Amino acid sequence: MAVVLHEGPGANSFMHSVAVSDHPTDILMKDSIEKFHGMDMSAPPPGPMPEKLL
């Protein structure tokens, strides 16, 4: 399980920035997320986006 918290300036675009990056550290992160969690960072997640309640 991974818990990733990203807040502050750029928080809304952080995951997209990592997904399209060709930086070696970002590539390692994407590969690790896919290997351990089965989440494909090259495509949007299935279903609607979560609703922010607070």
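**Notebook: helix 2 and its surroundings**

I began with helix 2, which has 14 residues and reaches 20 Å from its first C-alpha to its last, close to the 20 Å expected at 1.5 Å a residue. I note here that the model is a predicted one.

I then looked up which residues of helix 2 are buried, and found Asp26, Lys30 and Ile33. Viewed down the axis of helix 2, the buried residues fall within an arc of 60°, so they line one face of the helix. I wrote down the general rule beside this: an α-helix has 3.6 residues a turn, so residues three or four places apart point the same way.

What do the buried residues of helix 2 pack against? I found that they pack against helix 1.

Next I checked the other side of helix 2, where Pro24, Thr25, Leu28, Lys35 and Phe36 are exposed. Just after helix 2 I came to Gly38, which takes a positive phi of about 70°.

**Lys30**

I picked out Lys30, whose place is in helix 2. Is Lys30 buried or exposed? Its relative accessibility is 14%, and buried means under 20%, so Lys30 counts as buried.

I listed the contacts of Lys30, leaving aside its neighbours within four places in sequence: Val18, Ala19, Ser21 and Met41. I also looked up Lys30 and Met49, which are 19 residues apart along the chain, and their C-alpha atoms are separated by 20 Å.

**Ala43**

I moved on to Ala43, which lies in the segment after helix 2.

How far apart are the C-alpha atoms of Ala43 and Ala19? They are separated by 8.8 Å, with the two residues 24 apart along the chain.

**The largest pocket**

I looked up the largest pocket and noted a volume of about 650 Å³. It is lined by 23 residues, and those closest to its centre are His6, Met15, Met39, Pro45 and Met49.

Which helices each supply at least two residues of the lining? Helix 1, residues 14–20, and helix 2, residues 24–37, both do. I sorted the residues of the lining by kind and got 15 nonpolar, five polar and three charged.

**The whole chain**

Last, I looked at the chain as a whole. I counted two helices and zero strands. The chain has 54 residues, of which 13% count as buried. I noted that the C-alpha trace spans about 35 × 25 × 20 Å along its principal axes.

How values were computed:
Residues numbered from 1 in each chain as written. Predicted model: local features only at pLDDT ≥ 70, side-chain atom pairs only at ≥ 80, totals over all residues. Heavy atoms only, no water. 1 Å grid on protein atoms, 1.4 Å probe; cavity = no way out; pocket = protein on both sides within 12 Å on 5 of 7 lines; lining within 4 Å. Points joined across faces, edges and corners; volume = space filled by probe spheres on them. Helix = DSSP H or I, 4+ residues; strand = E, 2+ residues; numbered from the N terminus. Nonpolar A, V, L, I, M, F, W, Y, C, P; charged D, E, K, R; others polar. Expected span 1.5 Å × (residues − 1). Buried < 20%, exposed > 50% of the residue type's maximum accessible area, 1.4 Å probe, protein only. Arc of directions from axis to C-beta. Contact = heavy atoms within 4.5 Å.
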